[in-house]
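Take a first walk through this structure.

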Amino acid sequence: VLSATTIPQAWSMVEVDVTTLVALREKTKTEFKKREGSNLTYLAFILKAVAECLKSHPLVNSAWGGDSIILKRNINLGVAVATPEGLMVPVIKNADDRTVVDLAKDVEKMIAKARRCNLTLADVSSGTFTVNNTGALGSIIGKPLINPPQAAIINTEAIVKRPVVVKETISIRSIMNLCLTFDHRILDGAEASAFLTDLKQRLQKISSEIYF
């Protein structure tokens, strides 16, 4: 209620061609599981790209301070998790210092703790930006509510096969929607779109050399 009634929330969406990411994950997930003991999810790659983008777009990693904008020095990513007890948002601290391998392990650990209802206050505190992985539930488009006083929240939606025009021909590609809700007191459409465009480009250029 606080989010919906006190924050002027605007919304934007982009489509991302994640065909390369899908191929990379399929190629490496089995070996990754054997080597690291954790599942290699799309979310780990997305969190890494989000953390990198937040460094380049600090306003998106800020908070509303009543009559001012508070820029956050740390990048602490909240990850929304559906549990039998309701929605919980454990936080990965200093996510920009974590590798994809680290983030895959962090996500698995946090989700397990959330579903066992073992999260501590420290586990859910100090988030600066929230990632809502609604794609895991089958959603393809959604508008999440901002977690006050954060400046924005993003939905990562389900990856689906779609016909896409590529160099004047029709090709079947893996497409994912990114849906950003942002506080219009802090961000304008141009700033929000710049962040989404940067994130889109990073996800479309993912390679094993960059992320492993």
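Glu36 forms a salt bridge with Arg35, and their closest N and O atoms are 2.9 Å apart. A salt bridge here is a side-chain nitrogen of Lys or Arg within 4 Å of a carboxyl oxygen of Asp or Glu. The model is predicted: local features need pLDDT of at least 70, side-chain atom pairs count only at pLDDT 80 or more, and totals for chains, interfaces and linings use all residues. Residues are numbered from 1 along each chain as its sequence is written, and side-chain values use heavy atoms, leaving out hydrogens and water.

How open is this pair? Glu36 is partly exposed at 22% relative accessibility. Arg35 is partly exposed too, at 48%. The cut-offs are these: buried is under 20% relative accessible area, exposed is over 50%, and partly exposed lies in between (1.4 Å probe, protein chains only).

The structure holds 11 salt bridges. Side chains of opposite charge can pair when their charged atoms come close. Asp183 pairs with Arg185, with 2.7 Å between the closest N and O atoms. Asp183 is buried, at 0% relative accessibility. Arg185 is partly exposed, at 31%.

Next comes a bridge within a helix. Arg202 and Asp198 form a salt bridge, their closest N and O atoms 3.0 Å apart. Both lie in helix H5 (residues 189-204), 4 residues apart, about one turn of the helix. Helices (H or I, at least four residues) are DSSP runs, numbered from the N terminus. An α-helix has 3.6 residues a turn, so residues three or four places apart point the same way. Arg202 is partly exposed, with a relative accessible area of 25%. Asp198 is buried, at 15%. Elsewhere, salt bridges that share partners join Arg25, Glu26 and Lys29 into one network.

Now look at helix H3 (residues 42-56). Of its 15 residues, 11 are buried, so H3 is largely enclosed by the rest of the structure. Among the buried residues are Leu43, Phe45, Lys48 and Cys53.

End at the loop between helix H2 (19-36) and H3, where Ser38 lies. Is Ser38 buried or exposed? Ser38 is buried, with a relative accessible area of 8%. Its side chain meets that of Glu108 in a polar contact of 3.4 Å. A polar contact is a pair of N or O atoms within 3.5 Å; within protein, one must be able to donate a hydrogen and the other to accept it, and residues adjacent in sequence count only if both atoms are side-chain atoms.

Note on methods:
Helices (H or I, at least four residues) and strands (E, at least two) are DSSP runs, numbered from the N terminus.
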